[in-house]
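Dear colleague,

Please find the structure below, followed by a short account of what was found in it.

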Amino acid sequence: MAATAIIGTQWGDEGKGKVVDLLAARADMVVRYHGGNNAGHTLVVNGEKTVLNLIPSGVLHPGKVCVLGAGMVIDPQVLVREITALRTRGYLAEDRWLRVSEQAHLIMPYHRAIDHARERLREAGAIGTTGRGIGPAYEDKMARTGIRVGDLFDEEGFTEALARNLREKNGYLEALLGEPPLAIDDILTEYRGFRDQLAPFVADTGAEVRAAVARGARVLLEGAQGALLDIDHGTYPFVTSSSCVPGAAAAGAGLPPRMLGRIIGIAKAYTTRVGGGPFPTELRDALGDRLRADGDEYGATTGRPRRCGWFDAVVVRHAVALSGLDALALTKLDVLTGIDPLRVCLAYEIDGRRVDQPPTTQHAWARATPIYEEMPGWQEDLGEARTLDELPLAARRYIDKLSALVEAPVALVSIGAGREQTIRVGELF
Ligand code: GDP
Ligand code: IMO
Ligand code: MG
């Protein structure tokens, strides 16, 4: 038995949380392996909404082990808050159901301060980050000056590393970013508190995940963000600071790639993105507003309105190829009800030439215009359908068209935010 990875195929917010929650019913362990609380995964169970930023989307199923892996950057303040909120509602009843990697990097107050200040100074060229300190924390990890979860338990080492980092960060904050310096004592006190609250969960999670896969446990790896936000393969520099493709899933969870089995992509039936960067099929008109309203397209993390547009097969086909996807879960099909005709982007035109692959430079992205095919829409409400047969013919044709264009079978169709609002087409997990 190998682990199954769930990957976003667009610019994030494809509905990964909903699908992982659904599949977690049959899992023993659910692992987040990259990113941090830039992610916002929304679960709707029995009409009740839960937004998760750090804890894997298996947490609403009692007894499933939820793991925050080594590849993550963790803001302990947010994690403690999330644990407390879940426990108040009766979830995470046992400590052993949550494991936090001692190798994951800590997001520190200076990471958040730097993220905010830089974005402000970039003005019109801003990336539109979530402001959670993600980029600065990954920078320190790669510079080998990061502080990790396990370091919290070495009082002397932690104090030394923090003092060293603060000298550099305060200089940078004050001299270059025009921000006030941060006081070491405040941070020490605050992080001692987090250490005590997180102590029961901290573990060598890589060893635990490998052991789970080796003994045949059912392990799900939950991706955050999406393929086009990948640091290497996305719309750089309008991306996040981690790798969002399955290659990173193995490393971030601490698994050998051979222990990865099926890879499932999540795609929204249209496209959204939050923040800056290229988005050829964006609808900056009343139809875009309608998708935002009907799809409730507001960031789960920051509340920002999401930019909305037509389904872009160039983007998803790229994600399928890049991630070696076995199957696709298509979400939010219900949101397209009443839009007729629908449009799907087949390819781009760049300088008079047709291209089927996403550009690799900002210069080319800026000149990419979509080549569309129109398809008939439908008027029926889809929320009650539980089999493909119960969908209108036009909706079935839309699914088939997308599947053919992106070259991946559709194994699940989501037609509402609720856990039960799901059509299972093939075996996913
Ligand atoms: P994630 O980041 O990929 O987990 O996605 P988000 O949770 O940020 O955004 C997806 C949003 O769409 C959430 O509000 C979900 O509750 C909602 N959602 C998921 N699937 C469906 C669906 O099939 N139909 C509708 N209408 N909403 C959905
Ligand atoms: P989930 O897991 C959508 C975007 C930000 C910004 C860029 C960089 O919910 O799909 P960062 O704070 O990571 O440095 O921001 O990436 N971004 C997301 N957009 N969904 C997400 O996560 C995102 N995580 C980061 O909006 O454009
Ligand atoms: Mg999200």
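In strand 10, Leu221 is the bridge partner of Val31. This belongs to a parallel pairing of strand 2 with strand 10 (residues 219-222) over four bridges; strands count as paired if DSSP finds at least two bridges between them. Strands (E, at least two residues) and helices (H or I, at least four) are DSSP runs numbered from the N terminus.

The model is predicted, so local features need pLDDT of at least 70 and side-chain atom pairs pLDDT 80 or more, while totals for chains, interfaces and linings use all residues. Residues are numbered from 1 along each chain as its sequence is written, chains are lettered from A and ligands numbered from 1 in the order written, and side-chain values use heavy atoms, without hydrogens and water.

Strand 2 (residues 29-32) also runs parallel to strand 5 (residues 65-68), joined by four bridges, with Met29 partnered by Val65. Both faces of strand 2 are covered: Met29 and Val31 on one side, Val30 and Arg32 on the other, are all buried (under 20% relative accessible area; exposed is over 50%, partly exposed in between; 1.4 Å probe, protein chains only).

The magnesium ion (ligand 3) is coordinated by Asp13 (OD) and Gly40 (O) at 2.0 to 2.2 Å. Asp13 lies in the loop between strand 1 (3-8) and helix 1 (16-24), and Gly40, 27 residues apart from it, in the loop between strand 2 and strand 3 (41-45). Donors are N, O and S atoms within 2.8 Å of the metal (3.2 Å for Na, K and Ca); water is not among the atoms, so sites may look incomplete. Asp13 is partly exposed at 22% relative accessible area, whereas Gly40 is buried at 11%.

Kind regards
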